[in-house]
Amino acid sequence: MTPEQLQSAVLGFIAGARLKAAGGLTVAEFGSLVVEVIRLAVAGLDTITTLDGPGKKAWSLACVGTLFDAVADSCVPLLARPVWWIVRPAVRTLVLSAAGGALEQILTLTRAAAPEPTA
């Protein structure tokens, strides 16, 4: 997979997430979307050799940040929106921190599930 193909795949995933979020999302559904975008990024980045480990992690977390910006507001009821706009930056930082920790586990699971290359 080329970097351009991976970027297109992630943007396509986020576009699909926006469609799902149009009717609102639960926090659990948002969490599921975060895990899926991390899996997609990890699987794609494993095939790209032009980035080192920290670069791949930063790229994966940027995907999570983009997903958060695109759909997180759909998790918040209308009556709570005034408070949401105040706490949103802190929640975004918390989500990115949690995603950074989850990334290591998802990386292990994704690599374990990948088929072994045959010689």
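Arg-39 is partly exposed, with a relative accessible area of 39%. On this scale, buried means under 20% relative accessible area, exposed means over 50%, and partly exposed is in between (1.4 Å probe, protein chains only). The model is a predicted one, in which local features need pLDDT of at least 70 and side-chain atom pairs count only at pLDDT 80 or more, while totals for chains, interfaces and linings use all residues. Residues are numbered from 1 along each chain as its sequence is written, and side-chain values use heavy atoms, leaving out hydrogens and water.

Let us start with the partner of Arg-39. Glu-36 forms a salt bridge with Arg-39, and their closest N and O atoms are 3.9 Å apart. A salt bridge here is a side-chain nitrogen of Lys or Arg within 4 Å of a carboxyl oxygen of Asp or Glu. Both residues belong to helix H2 (residues 27-45), where they sit three residues apart, about one turn of the helix. Helices are DSSP runs (H or I, at least four residues), numbered from the N terminus.

How many salt bridges does a search of the whole structure find? The search finds four. One of them joins Asp-69 to Arg-88, with the closest N and O atoms 3.8 Å apart. This pair links distant parts of the chain, as Asp-69 is in helix H3 and Arg-88 in helix H4, 19 residues apart. Arg-88 also forms a salt bridge with Asp-73, where the closest N and O atoms are 2.9 Å apart. That pair, too, links distant parts of the chain: Asp-73 lies in the loop between H3 and H4, 15 residues from Arg-88. Together, Asp-69, Asp-73, Arg-88 and Arg-92 are linked in a network of salt bridges.

Here is how accessible some of the residues in this report are:

| Residue | Relative accessible area | Class |
|---|---|---|
| Glu-36 | 35% | partly exposed |
| Asp-69 | 38% | partly exposed |
| Arg-88 | 16% | buried |
| Leu-6 | 1% | buried |

Leaving aside neighbours within four places in sequence, Arg-88 is in contact with Phe-68, Asp-69 and Asp-73. Contact means heavy atoms within 4.5 Å.

Now for the way the helices meet. The axes of helix H3 (residues 53-71) and helix H4 (residues 81-113) come within 10 Å and cross at roughly 145°. Axes are lines fitted to C-alpha atoms, for helices over the stretch in contact, and angles run from 0 to 180 degrees between N-to-C directions. This crossing of H3 and H4 is right-handed. On the H3 side, the residues making the contact include Lys-57, Leu-61, Val-64, Phe-68 and Asp-69, and on the H4 side they include Trp-84, Arg-88, Val-91, Arg-92 and Leu-103. The residues of this contact divide into nine nonpolar, four polar and five charged. In this grouping, Ala, Val, Leu, Ile, Met, Phe, Trp, Tyr, Cys and Pro count as nonpolar, Asp, Glu, Lys and Arg as charged, and the others, Gly among them, as polar.

H2 and H3 form another pair. Their axes come within 9 Å and cross at roughly 150°. In this contact, Phe-30, Leu-33, Val-34, Val-37, Ile-38, Ala-41 and Leu-45 of H2 meet Lys-56, Trp-59, Ser-60, Cys-63, Val-64, Leu-67, Phe-68 and Val-71 of H3. By class, the contact of H2 with H3 has 13 nonpolar, one polar and one charged residues.

Which residues touch the most other members of the largest nonpolar core? Of its 28 residues, they are Phe-30, Val-34, Val-37, Ile-38, Val-64, Leu-67 and Val-71. Helix H1 (3-21), H2, H3 and H4 each supply at least two residues of this core. H2 gives the most, with eight residues. A nonpolar core is a set of buried Ala, Val, Leu, Ile, Met, Phe, Trp, Tyr and Cys residues joined through side-chain atoms within 4.5 Å. Not counting residues up to four places away in sequence, Val-37 touches Val-10, Phe-13, Cys-63, Val-64 and Leu-67.

Finally, take a look at Leu-6, which is found in helix H1. Apart from its neighbours within four places in sequence, Leu-6 is in contact with Met-1, Leu-40, Ala-41, Gly-44, Leu-45, Ile-48 and Trp-59. Leu-6 and Arg-88 are 82 residues apart along the chain, and 28 Å separates their C-alpha atoms.

Technical notes: A crossing is left-handed if the near helix is turned anticlockwise from the far one by less than a right angle, and right-handed if clockwise.
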